[in-house]
Amino acid sequence: IRQGDLIQVEGVQGYVRALNIRYTLVETFNGQEVSIPNETLTSKNIINWTMSNARARIEIPVGIAYGSDYKKVQQLLLQAATEHKRTMKDPAPICVMLEFGASSVQFSLQYWVDNVTDGLQTPKSEVMFRIAELFAEHQISIPFPQQEVRIVSMPESR
């Protein structure tokens, strides 16, 4: 771990601001400074987002209505990711159909950005907005769970 690395350990995620003999100082995304004992760093799993490279994969799960054109859905999801300015060309975005769920057909859109330190939430949000636009243009709906209640027989009223 080096000063400036983006790390995640024990539920804390942020940038390493200082290293010393007893603890490592991490600044979180909302400006908190957290002292993490070095003992924790040597005994727990650490994610170092920037150790050898700064790229990261974004995954967006999407459920669509049964009866939709599944190939068209895949094409539109890939289009939304490919159009985004931060999406890497290599590796290229992928979109897979995961399962036939109870209320929807589940897809997973996965794409890479080259610099995790520029953030992941904004490109994910922007791609999701684009997905919503493309789905609206092509009349593809994102369903919500529904249940049907059937009354088999009613007791006679007195």
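Which residues is Y15 in contact with, leaving aside its neighbours within four places in sequence?

Analyst: This is a predicted model, in which local features need pLDDT of at least 70 and side-chain atom pairs count only at pLDDT 80 or more, while totals for chains, interfaces and linings use all residues. Residues are numbered from 1 along each chain as its sequence is written, and side-chain values use heavy atoms, with hydrogens and water left out.

Leaving aside neighbours within four places in sequence, Y15 is in contact with G4, D5, L6, L25, V26, E27, F29 and T117. Contact here means heavy atoms within 4.5 Å. Y15 is found in strand β2, residues 12-19. Strands (E, at least two residues) and helices (H or I, at least four) are DSSP runs, numbered from the N terminus. At 14% relative accessibility, Y15 counts as buried; buried means under 20% relative accessible area, exposed over 50%, and partly exposed in between, with a 1.4 Å probe and protein chains only.

Two of these partners can be described further. L25 is ten residues from Y15 along the chain, and the C-alpha atoms of the two are separated by 8.4 Å. With T117, the side chain of Y15 reaches the backbone oxygen at 3.2 Å.

N48 lies in strand β5, residues 47-48, and is buried, with a relative accessible area of 18%. The side chain of N48 makes a polar contact of 2.9 Å with the side chain of D5. It also reaches the backbone nitrogen of M51, at 3.0 Å.

Another buried asparagine is N38, with a relative accessible area of 18%. N38 lies in helix α1, residues 38-43. Its side chain is joined to that of T24 by a polar contact of 2.8 Å. Apart from neighbours within four places in sequence, N38 is in contact with N20, I21, R22, Y23 and T24.

Helix α3 covers residues 121-137. The buried residues of α3 are P123, V127, I131, L134 and F135. They cover an arc of only 105° around the axis, which puts them on the same side of α3; the arc is that of the directions from the helix axis to the C-beta atoms. On the other side of α3, Q121, F129 and A136 are exposed. The cover over the buried residues of α3 includes β6 (56-64), α2 (70-83) and β8 (105-113). After α3 comes Q139, whose phi is positive, near 55°.

Now the chain as a whole. It has three helices and eight strands, in the order β-β-β-β-α-β-β-α-β-β-α along the sequence. Its radius of gyration is 22 Å, well over the 15 Å that the globule rule gives for 158 residues, so the chain is more spread out than a compact globule. The radius is taken over C-alpha atoms, and the rule is 2.2 Å times the number of residues to the power 0.38. Along its principal axes the C-alpha trace spans about 80 × 50 × 25 Å. Buried residues make up 34% of the 158 residues.

Note on methods
Polar contact = N/O pair within 3.5 Å; in protein donor to acceptor, adjacent residues only side chain to side chain.
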